[in-house]
Amino acid sequence: MAKKSVKDIDVKGKRVLCRVDFNVPLDGERITDDTRIRAALSTINYLLEQGAIVILASHLGRPKGEVKEELRLDPVAKRLADLLGKEVYKADEAIGQEVEEQIGNMQPGEVLLLENVRFYPGEEKNDPEFAKQLAQLADVYVNDAFGAAHRAHASTEGVAHHLPAVAGFLLQKELDVLGGALEEPERPFTAIIGGAKVKDKIGVIENLLTKVDNLLIGGGLAYTFIKAQGYSVGKSLLEEDKIELAKSLLEKAKANNVNFLMPVDCVVADRFAADAETQVVGIDSIPDEWEALDIGPETRARYRNIILESNLVIWNGPMGVFEMEPFAHGTNAIATALADCQGTTIIGGGDSAAAIEQAGLADAMSHISTGGGASLEFMEGKILPGVAALEDK
Ligand SMILES: Nc1ncnc2c1ncn2[C@@H]1O[C@H](COP(=O)(O)OP(=O)(O)OP(=O)(O)O)[C@@H](O)[C@H]1O
Ligand SMILES: O=C(O)[C@H](O)COP(=O)(O)O
């Protein structure tokens, strides 16, 4: 169901609590990737232009309800100030009298960043009292944190029950792009699923099997499917308890007329290391003591051809252990094929988004989701609590 957005309400002169996902990677105090901060700028700038008093809330890392000095949001406030080209006030807490006073002194068109909401045990517990205290800071709630929308936490869900609650532009865009792709896909529609474990991708594979024309499998999870077809996989990642499930997914693909492609060759290594001995072997010849850490050249070529013939491609999860150069070729080949594809290309966040950035191909994609877990759950067809709590249009 369509949700109200910031455009549907009047925010002039109002205190607006805007939940953003500023959970960015840090190296000490240095932000190594500010994509998520940049992605929130359009909503923040709009609120400022409209004359709102903007109060931003975010989590950073997983401090588990305790104050962790290294997870304070000060470096984020600094970077945001640079990006906005204006002062960003920073509160040392997320709730309480001091913060309320700070907000009381703010003028329309000013912005304050609250402290990491996960310093409070009530955040992840979705404690109604903590949600109420957050709500007390503002007149309106805007959720622009797509990356955290799959979490039913106080700042993403609970607070929405106490204030008029609407979607920000980033959240809206993510829902429009991902939702549009799944509901009315351009065809041929191809999904590429990789990553480590079948366990993590069952839901998304099941849902996509009712929608796509082609499903291409890679990464560690491929070997459970390969085993399910009767091949031996040596020391490759294998989830014994998911072999039967893999078989049933293959049957479902057949029943739904989905072209389900698995690797036909792979790069095997004699150990899990960047300087391991490697060789390329057919999928029926994985040596007993070796493990498959990437898709092979023949698979890359086949997958590339299908991608180039597609009008819509969704990609989630790397094709191999792309963190090690010798096993990054499969993932890079998929990234390049997507860049060369004339159709719509959507990257489902997480490691695949990192691989695209690393390859310098981000600008060539139609959409790179800012959500890892959130985009995965959305692609599984799940309702995201942070979205469900917003007002219907
Ligand atoms: N053949 C393989 N053997 C072992 N590990 C693999 C293999 N292929 C990929 N991986 C590993 O899978 C990991 C990524 O899996 P994961 O399921 O977390 O991906 P993802 O969906 O992109 O995740 P997230 O959204 O959490 O970032 C990478 O660290 C990569 O090294
Ligand atoms: O990085 C993410 O995927 C989001 O910010 C959510 O973080 P979480 O997995 O710690 O809830």
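The site of ligand 2 is the largest pocket.

The structure is a predicted model. Its protein chain has an average pLDDT of 96, and 100% of the residues score at least 70. For the complex, the predictor reports an ipTM of 0.95 and a pTM of 0.93.

**Ligand 2**

The side chain of Asp21 has an N or O atom 2.9 Å from an oxygen atom of the ligand. For Asn23, a polar side-chain atom lies 3.0 Å from an oxygen atom of ligand 2. In Arg36, an N or O atom of the side chain is 3.0 Å from an oxygen atom of ligand 2. On its own, ligand 2 has 320 Å² of accessible area, and the protein covers 85% of this.

**Ligand 1**

Around ligand 1 there are 18 residues, and the closest are Ala196, Lys201, Gly220, Glu323 and Asp351.

| Residue | Protein atom | Ligand 1 atom | Distance |
|---|---|---|---|
| Gly220 | polar backbone atom | nitrogen | 3.1 Å |
| Glu323 | side-chain N or O atom | oxygen | 2.5 Å |
| Asp351 | backbone N or O atom | oxygen | 3.0 Å |

Ligand 1 exposes 650 Å² when taken alone, and 78% of that area is buried by the protein. The contact of Glu323 is made through its side chain, while Gly220 and Asp351 each contribute a backbone atom.

**The cavity**

How many cavities of 30 Å³ or more does a search of the whole structure find? The search finds one. The largest cavity holds about 50 Å³ of space. Its lining consists of Asp21, Arg36, Ala40, Asp144, Ala145, Phe146, Gly147, Leu170 and Thr370. By class, these lining residues are four nonpolar, two polar and three charged.

Methods. Residues are numbered from 1 along each chain as its sequence is written. Chains are lettered from A and ligands numbered from 1 in the order in which they are written. This is a predicted model: local features need pLDDT of at least 70, side-chain atom pairs count only at pLDDT 80 or more; totals for chains, interfaces and linings use all residues. Side-chain values use heavy atoms; hydrogens and water are left out. A polar contact is a pair of N or O atoms within 3.5 Å; within protein, one must be able to donate a hydrogen and the other to accept it, and residues adjacent in sequence count only if both atoms are side-chain atoms. Accessible areas come from the Shrake-Rupley method with a 1.4 Å probe; for residues, only the protein chains shown count as cover. On a 1 Å grid over the protein atoms alone, a cavity is a set of points where a 1.4 Å probe fits but cannot get out, and a pocket is an open set with protein on both sides within 12 Å along at least five of seven lines; lining residues have an atom within 4 Å of a point. A molecule sits in a cavity or pocket if more than half of its atoms lie within 2 Å of its grid points. Grid points are joined across faces, edges and corners, and a volume is the space filled by probe spheres set on the points. Ala, Val, Leu, Ile, Met, Phe, Trp, Tyr, Cys and Pro count as nonpolar, Asp, Glu, Lys and Arg as charged, and the others, Gly among them, as polar. pLDDT is the predictor's confidence in each residue, from 0 to 100. A residue is near a molecule or strand if one of its heavy atoms lies within 4 Å of it.
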